[in-house]
Amino acid sequence: MTDSTAGGDVRLTGISKTYGSFTAVHPLELTVPQGSFFALLGASGCGKTTTLRMIAGLEEPTTGTVFLGDKDVTDLPPYKRPVNTVFQSYALFPHLNVTENIAFGLRRRGIKSVKKQVDDMLELVQLGDFAHRKPHQLSGGQQQRVAVARALINHPQVLLLDEPLGALDLKLRRQMQLELKRIQTEVGITFVHVTHDQEEAMTMADTVAVMNGGRVEQLGAPADLYENPKTTFVANFLGTSNLIEAEVAEKNGDDLVVTAGGAKLRLPGGRCSAPASSGGKLLVGVRPEKISLAHRDDEGAIAEGRNRVSGRIVDSSFIGVSTQYLVDSPAGKGLSVYEQNVDRRAGLLPGAEVVLHWNPAHTFGLDAAQAIDAGVEKVEDAA
Amino acid sequence: MPILKWLRRNLVVIAGLATLAYLILPNVVVMVFSFNKPNGRFNYSWTRFSTDAWQDPCGVADMCGSLSLSLQIALWATIGSTVLGAMIAFALVRYRFRARGAINSLIFLPMAMPEVVMAASLLTLFLNMGAQLGFWTILIAHIMFCLSFVVTAVKARVMSMDPRLEEAARDLYAGPVQTFLRVTLPIASPGIAAGALLAFALSFDDFIITNFNAGSTVTFPMFVWGSAQRGTPVQINVIGTAMFIIAVVVVTAGQFIANRRKNSAKA
């Protein structure tokens with residue numbers, strides 16, 4: 001049932017799910033390469049969990065096919081799929097102790113001598129001393145590790161993780177992220193991880209698929225997604241982006257020159273995902289940590305060739321490693337700037353007139369025909 | 001004032017003990033009078049200590065026959081209402097079907113309805129059907145009114161069950177039958193056990209409905225009622241005391257086992 005050695009990618013072809021008139025997942029093509037740590041990232045209700053459950057067999061796809069390797073498993077019930085899930089809030093069996101929880105899958109497949117394997121698993125997740133406890137006698141982090149062990153002991157072809165760290169506090173979450181990453185490297189099984197936490201996805205996954213409204217917006221390595229977002233949703237959902245509405249002025253070799261609020265900005269043509277023609281609209285983006293701040297009086301000291309936007313600080317907040325500024329400028333309101341707290345910067349206080357400057361190579365361009373604030377985390381989402 | 005201070009500090013304990021006394025006193029009286037040797041036919045005033053009744057609990061004509069009948073009816077009523085009630089509870093919580101709302105409220109009717117009304121209407125039904133009154137009519141009536149208590153107890157448990165537990169079981173290679181036996185049933189069992197105990201107690205001591213629908217059959221509560229008019233044999237107190245002790249032993253053993261399980265899990 002579980003030939004874990006027999007390789008296989010997870011392939012979803014044309015898979016979709018509709019509930020009545022609501023489409024949770026639009027027809028989707030997705031390939032998860034064998035042995036990779038793959039993250040499905042998106043806000044709640046974007047279809048990521050539904051996609052995961054269709055791989056597990058807990059949800060029946062409306063259309064499309066699920067392949068594990070070359071095998072079509074679309075019509076197999078969950079208990080016949082070589083796939084195991086780590087559930088949100090773990091779903092440990094409350095009436096069984098840790099050992100029996102972990103051994104559950106083996107026993108159901110008629111394996112009698114489970115001791116050795118269970119012990120190995122307990123060691124892998126560092127829970128050797130807790131073998132006889134009941135789930136309610138464990139902390140959240142320990143429960144989480146039992147859930148991982150219970151799934152992994154079956155050597156599934158694919159391990160599915162449904163927001164496995166959502167119930168943990170921040171510090172423990174960081175620790176478990178590294179732990180899961182370690183386990184994945186150790187066992188080499190394909191992990192498909194569903195999360196709404198972009199930092200978690202970027203820390204752990206080799207490949208991230210950003211989902212929005214039942215569709216995959218963009219798929220790629222974390223660094224690639226972060227540096228080269230193709231849509232405003234990705235730009236805003238992964239970290240923070242300053243998006244400025246601009247007009248294309250000219251093409252200058254490989255570079256594009258655009259104007260925004262009286263400022264002339266340059267960006268590499270290769271980093272513009274939208275067709276750009278003179279006079280056309282464009283959204284120009286730059287990450288807050290790429291921007292430097294200079295006092296208006298010190299503008300002369302800024303090197304030639306850097307993009308500049310002048311503005312006024314409206315807010316600053318000190319958060320330890322860095323200080324975050326909000327700057328209003330003619331080009332756009334509420335631009336974020338993160339400055340590392342290397343030296344004390346006197347005079348960068350709310351109300352100060354400043355110049356924002358950055359290397360044009362860090363600028364990216366997006367199609368202007370989309371909502372500029374797509375994927376911006378709202379206060380109620382963050383709660 | 002030291003006395004007042006002491007009183008204030010121990011008020012909760014005192015109130016607790018008083019409540020306990022209030023609950024247990026009737027049982028103690030029953031127990032004490034099971035060792036009485038009354039002069040007349042009525043066991044209402046203390047005469048002298050004797051263990052006669054304990055040595056010959058079935059010494060009263062027909063009493064042990066009615067007791068065994070009551071136990072049989074209680075047993076079958078418990079099994080019947082627990083099996084049906086648990087299934088109804090699962091259906092009501094897990095599935096959406098037509099008339100679900102109606103069933104949900106109808107199931108509570110036997111609890112809310114005055115027993116005597118239910119008894120009379122059941123009798124009417126049985127008579128109109130031409131049914132022979134006796135064991136079977138009593139059993140059917142008992143299963144009917146025990147059902148609502150079982151459904152209530154099991155429903156509460158099933159409602160608090162995380163459906164993801166069953167998904168987890170299915171995900172871990174348990175087919176539908178295995179999932180039910182290994183996960184659903186063990187987790188729902190405290191609710192099912194509570195419902196079964198309730199059903200047993202309710203069926204065993206029911207008088208009104210039984211009296212209407214028994215025909216010439218006599219259950220233990222009917223026997224006690226009947227004899228109370230002609231004289232109460234001490235053996236009734238013996239049976240009462242024995243049942244009280246059995247119940248206490250069962251509950252204590254249950255607690256003991258649960259505690260030991262908890263402690264061994266900690267070790």
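Select A:V10 first: its bridge partner in β4(A) is A:L68. Strands here are DSSP runs of E, at least two residues long, and helices are DSSP runs of H or I, at least four long, both numbered from the N terminus.

This is a predicted model, in which local features need pLDDT of at least 70, side-chain atom pairs count only at pLDDT 80 or more, and totals for chains, interfaces and linings use all residues. Residues are numbered from 1 along each chain as its sequence is written, while chains are lettered from A and ligands numbered from 1 in the order in which they are written.

**Stop 1: an open sheet**

Two strands count as paired if DSSP finds at least two bridges between them. Strands of a sheet pair through backbone hydrogen bonds, either parallel or antiparallel.

The four strands form an open sheet in the order β2-β1-β4-β5, with antiparallel pairing. Look at β2 (22–32) and β5 (71–72), which stand at the edges. Each has a single partner strand, so one side of each is left without a neighbour in the sheet.

**Stop 2**

Select residues 207–212 of chain A, which form strand β9. Five of its six residues are buried, so β9 is largely enclosed by the rest of the structure. A residue is buried if 20 or more other C-beta atoms lie within 10 Å of its own, exposed if 12 or fewer, and partly exposed in between; the C-beta atoms are placed from the backbone.

Which strands pair with β9(A)? One is strand β3 (residues 37–41) of chain A, which runs parallel to β9(A) and is joined to it by four bridges. Find A:A39 and its bridge partner in β9(A), A:V208. Another is strand β10 (residues 215–220) of chain A, antiparallel to β9(A) over five bridges. Here A:M211 stands opposite A:V216 in β10(A).

Next, click A:G213. In the hairpin of β9(A) and β10(A), with two residues between the strands, A:G213 takes a positive phi near 55 degrees.

**Stop 3**

Select A:I55. Leave aside its neighbours within four places in sequence, and A:I55 is in contact with A:V10, A:V66, A:V83, A:V158, A:L160 and A:V192. Contact means that the C-beta atoms of two residues, placed from the backbone, lie within 7 Å.

A:I55, A:V192 and A:V210 have the most contacts inside the largest nonpolar core, which has 139 residues. Such a core is a set of buried Ala, Val, Leu, Ile, Met, Phe, Trp, Tyr and Cys residues joined through C-beta atoms within 7 Å. Which helix gives the largest share of this core? Helix α8 (residues 135–159) of chain B does, with 12 residues. Domain 1 (10–227) and domain 2 (240–382) of chain A both give residues to this core, so it lies between them. The domain bounds come from an automatic or database domain assignment.

Then select B:M63, B:L67, B:F223 and B:V234. They are among the nine residues of another core, apart from the largest one.

**Stop 4: where the chains meet**

Show both chains. Here 21 residues of chain A are in contact with 17 residues of chain B. On chain A, β6 (83–86) and α2 (98–108) each supply at least two residues of the side that touches chain B. The largest share, three residues, comes from α2(A). That side of chain A divides into nine nonpolar, seven polar and five charged residues. Nonpolar means Ala, Val, Leu, Ile, Met, Phe, Trp, Tyr, Cys or Pro; charged means Asp, Glu, Lys or Arg; the others, Gly among them, count as polar.

**Stop 5: zoom out**

Colour chain A by domain. The centres of domain 1 and domain 2 of chain A are 38 Å apart, taken over C-alpha atoms. Chain A has nine helices and 20 strands. Its C-alpha atoms fill a box of roughly 80 × 45 × 35 Å, taken along the principal axes. Of its 383 residues, 42% are buried.

Finish at A:H136, in the loop between α3 (115–124) and α4 (140–152) of chain A. Is A:H136 buried or exposed? It has 9 C-beta neighbours inside 10 Å, so A:H136 counts as exposed.
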